[in-house]
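Q: I'd like a close look at one part of this model, with a bit of the setting around it.

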Amino acid sequence: MEYAKKTEVTICLGSSCFARGNNKNLEIIQSYFKENDLEDKVDFKGHLCEDECKKGPTLKIGDQVYFGVSPQILRPILDSHFKNK
């Protein structure tokens, strides 16, 4: 049996990114995956600082890195990767 590869989604949980919005983004992402039945299709994890603090909060989906991710732009980013796919 062949299994589809999970999409890797990584959120920075370093103190700067966390304080600048990833604390809220974390909850939004978890809710989004649950609402859209994606929990088995993604490998969602947190990591600590990748030395991009000035550009944070950061989010990585697959090979694409997003900087300055606010709760307001998060859902459209997620939709661009996971809707109609």
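From the N terminus on, in what order do the elements of the protein chain run? Then please zoom in on the largest cavity: which residues line it?

A: This is a predicted model, so local features need pLDDT of at least 70 and side-chain atom pairs pLDDT 80 or more, while totals for chains, interfaces and linings use all residues. Residues are numbered from 1 along each chain as its sequence is written, and side-chain values use heavy atoms, leaving out hydrogens and water.

The order is β-α-β-β-β-α, with helices (H or I, at least four residues) and strands (E, at least two) taken as DSSP runs. The radius of gyration, over C-alpha atoms, is 13 Å, close to the 12 Å from the globule rule for 85 residues (2.2 Å times the number of residues to the power 0.38), so the chain is as compact as a globular protein of that length. Of those 85 residues, 32% are buried, meaning under 20% relative accessible area with a 1.4 Å probe, protein chains only.

Now the cavity. The structure has 1 of 30 Å³ or more, a cavity being a set of points on a 1 Å grid over the protein atoms alone where a 1.4 Å probe fits but cannot get out. C12, C17, C49, E50, E52, C53 and T58 line the largest cavity, each with an atom within 4 Å of a point.

Definitions and conventions: On a 1 Å grid over the protein atoms alone, a cavity is a set of points where a 1.4 Å probe fits but cannot get out, and a pocket is an open set with protein on both sides within 12 Å along at least five of seven lines; lining residues have an atom within 4 Å of a point. Grid points are joined across faces, edges and corners, and a volume is the space filled by probe spheres set on the points. Buried means under 20% relative accessible area, exposed over 50%, partly exposed in between (1.4 Å probe, protein chains only).
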